[in-house]
Amino acid sequence: MQATIPASTTEVRSKRQSRFNGRLTKGLLYLLLIAVALVTLFPFYWMFVSATHTQSDIFSAPPPLWLGDALERNYGSLLERIPFWRNLWNSVYVAVIATVTTLFFCSLGGFGFAMYQFRYKNLLFGLLVITLMIPGLLNIIPYFLIIQFLGWLNQPIALWFPGMASAFGIFLMRQYIASSISRDLMDAARIDGATEFRIYRSIVVPLIKPALGTLGLLTFIGSWNSFMGPLVVLRSREAFTLPLALRTLEGQIQADWGAIMLGTALAVLPLLIIFVFASRQVIEGLTAGSIKG
Amino acid sequence: MSSPQLPLSVRLDRFQRRFAPYLFVSPFFILFAIFGLFPTLFSIYLSFQAWNPVQGLGTMRFVGVENFAFLLEDPWFWQALGNTFWIAVVSGLPQHLVAIPLAFALVMGVRSLRHPLTAAYFLPFITSAVAVSIVFITIFGTHFGVLNQLIGVLANWPLTAWLFEGIRDQLPINWLGRAPYIKPAISILVFWQFFGFNVVLYSAALMTIPREYYEAAAVDGANLPQRFFYITLPLLRPMIFFAVTLTIIGNLQLFDQPFLLTGGTGGSGQAGLTVAMYLYRTGFEWLDMGTAAAMSWLLFLVIGTATFIHFKFFGRGGLETRE
Amino acid sequence: MKKLLVVTLLLVMGLAWAQTTKLSIGVFEPLNEHVVRVLPKFNELHPDIEVEVRTLGFMDHHNALVTALAVGSGAADVVAIEIGFIARFVAEGGLVDLAQPPFNAGQFEELFVEYAWLQSRTADGRQVALPTDIAPGVMYFRRDHLATVGADINQIISSWDSYLEYGRQLREHGVFLIADAASVASAIIRSDIPVGEGIYFGADGRPLLNSERFIQAATIAQRIRQEGLDAQIGAWSSEWFEAFRRGTVATELSGAWLAGHLETWMAPETAGLWGASEMPGGVLVSWGGSFYGIPTQSQQQEAAWKLVQFLTTNPEVQLEAFRTINAFPAMPVTYDDPMFEEPLAFLAGQQARLLFADIAERIQGIATHPGDMVAEEIFGSAMGQILNEGVAVETALNEAQTLVERRFRR
């Protein structure tokens, strides 16, 4: 690097000044961003802290800002009021099955759309894209009627079965497969005698693992958090998923907010843990999807 | 004379090659037809009927456009529409106005903490609306909610007291109980939950802008704000377009948060009633499914119109691709 | 010989087990507490019937019931229905007419307070449910505030004007008359209803939202609000609980069951400071109540009927409900039980149950309408506008009237 000869002392001073300003700006920027992060995270902190306090402590001035000692008591109260572990299991069960089935059907379908030519392909795909724009709300009443017609009211299958045909999922898969799998690869496999399904199973699936991961995470999160669907088709406490169970807790006349906060914290915890480990994947998957889309 | 029959294995092979794509795509489409297409068509049909589900499927009565006429003259529908728009704008606009500078700061300014910070901002988005709403019910509590307690402290602290002069006699604010405050409360919650998602989207877009552009501009003497406005923003347009579209479509269908914050009622004077909530109540609590279906189509029209206007204003810039 | 005996025994046992009828009963909180407690007794009387209790929150239970009746399946064999919803099921069907054989519920008519019996009967005489508990409307008042002001309770409740006067006196001592002026309006619209009419709808089904009675109710509530006599607190909010604990409101209009809640969890530390009286202005209303019915889709209606009878016509069970969950019995015969003469410590030793019983027997029957719930919400909204946003009474009520008319256009 060439040594620059300062033309005058003012120039030296201004350069030092600007470097200092740069540092100051950067420091302030960090401060601001961290402050925003803290404010954003505060409700979570509050949730976990409240889970360890009694109701009267939660509703007091000043509010408790550190862990209390009512955890065990709240836990007992929580279990008295709702079949929490049963509800948790329901959420897990539905989310896992939804994820596995969605991944299978969407990747298979996306594969079909991406790598093959067949009649009506463009028409069907166009139809798919259009429905992406229709708000989900439109279907809630017919959804209820169909579930009722099938006799699936109050059953978990009502929650994971309809979601398997996710237009978003197949769209994502198609984009990814189209840009990751080459026809040559497929032809080579065909020459080796592989059936089309074999190609899917042994070649495509391993190659689209990142997209599967992203879609899987998004599906899992979506299923775990879904509220309106379960609200409409689940009728008995034992069948509730976590969001409904929490709402039951909150709506009780003799509400115990210590138990409510504990239940909420426990309901959020699994996703939190997944997110801590997979945050990069989730965020990057989303961004990759949105850029490609 | 017909050509000799090909061996079975070859025929089978050709069959599976020809029909494989159909087989791959059909399970998806069958499901889609049942749970995606049919409901849509059925709800169109339903919107022209009067139907109380308690009395069985056979009691549907054709009423033409009466449901639509009723809704268009229904004060509660217009109020719900107004509420929905208010919340959509008040929570949606800041989402983007805040997310863009934040993303800019994250991508351009700080390099090391970018991921943890982004993750922190994104966390509310992946949390269930029920959990979040419950927590915020306590935060919005009138006398003991954390928010009001904070406001109380700030209103008495000499440095910040001046900010609160106007509303001093309204303190402590009854966020969830009084009509003027319920919409702001919902908006705060929605903003909190979704701004991180937009930060992620904008960060992704910002990272695709080559550094050379900025360096070239810096050489030409552009300072930071100028670089932001003349390089970043224009190049960000496609992403802004995309993200705003998502916000419009999402916010206009808001259900979970207002439903939980108002306990399913819509709040004092229906101030917190969104169209989605009103639809749910009309169909599932008041058992007027025809009207509810009609409402969902009116909502679709509204969303479609808003999206159309949005496309018109940002459309060309949004659909352009960058070299 | 022995072998034959054993085989026969096994066969009989097997048959008996196969004969066990499995019943389900759907209830909302807190009825489940009571039902679960008395089930062993039911099992003693009917060892061949097994009962499963399904509990849901109040709204969820009723919404699920509506769905189940609509769908034709999924409802329990016996269902609890609260007074706000009973009209809907009375009108829309789906419940068995218990007046018919083999149930012949008509034989029980004399056992119940008249208005409760009428409430679960359709216009054409079908008895779709039996009452299990009622909620006589009472006023709870703080004795200490009464003493401070030096007033006499009977004088206060003699008319709404004197009630308001009490409020003004209380205000001078920094105490509120009542938590929410809207509850006064709710009480007034429920009183002095002509025979054959309902609260919100007339005999011909026409909404009454802007009739004299409603205007009077809203005006009195408005006065209370305008003079600053109420605390502007919504029922069941955390401020409401706080107000009871701290004693900042002097009276509350409610069902008799409120004392039970206050005593057990809302404000136990205020025991001994309260009293109960009739509502001001001679208002005699029902502020709640539950019924049991049998959905027509049930496959074991006879067994279900046994359970319904057990829960509703058995005085012991009724008194047990009163003890457990403060569910005031719908059967006047139970009012002779010594339990009713018990002085209630929470109410400073007042024999309040006798008061409740007296009120209960004097409440008049009113007709119900499937639209009652919606009308109540619209009325509540109108009251909110009048009290909170300062809208004129006539304007708000006319708007409410239009809303209800439109909603029930068909």
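Domain bounds here come from an automatic or database domain assignment. The structure is a predicted model, in which local features need pLDDT of at least 70, side-chain atom pairs count only at pLDDT 80 or more, and totals for chains, interfaces and linings use all residues. Residues are numbered from 1 along each chain as its sequence is written, while chains are lettered from A and ligands numbered from 1 in the order in which they are written.

**Exercise 1.** Determine which residues form the domains of chain C, and describe the side of domain 1 of chain C that touches domain 2 of chain C.

*Solution.* Begin with the bounds: domain 1 of chain C covers 20-134 + 288-340, and domain 2 covers 135-284 + 344-407. Their C-alpha centres lie 28 Å apart, and the contact (C-beta atoms, placed from the backbone, within 7 Å) takes 21 residues from domain 1 of chain C and 21 residues from domain 2 of chain C. On the domain 1 side, the elements giving two or more residues are helix 4 (83-92), helix 5 (114-119) and strand 7 (286-293) of chain C, with helix 4 of chain C supplying the largest share, 8 residues.

**Exercise 2.** Decide where confidence in chain B is lowest and highest among its helices, and where pLDDT stays under 50.

*Solution.* pLDDT is the predictor's confidence in each residue, from 0 to 100, and chain B averages 83. Next, helix 8 (residues 211-219) of chain B has the lowest mean, 79, whereas helix 5 (residues 129-139) of chain B has the highest, 91. Finally, pLDDT stays under 50 over residues 317-323 of chain B. Where pLDDT is low, the predicted coordinates should not be read in detail.

Note on methods:
Helices (H or I, at least four residues) and strands (E, at least two) are DSSP runs, numbered from the N terminus. Two residues are in contact if their C-beta atoms, placed from the backbone, lie within 7 Å.
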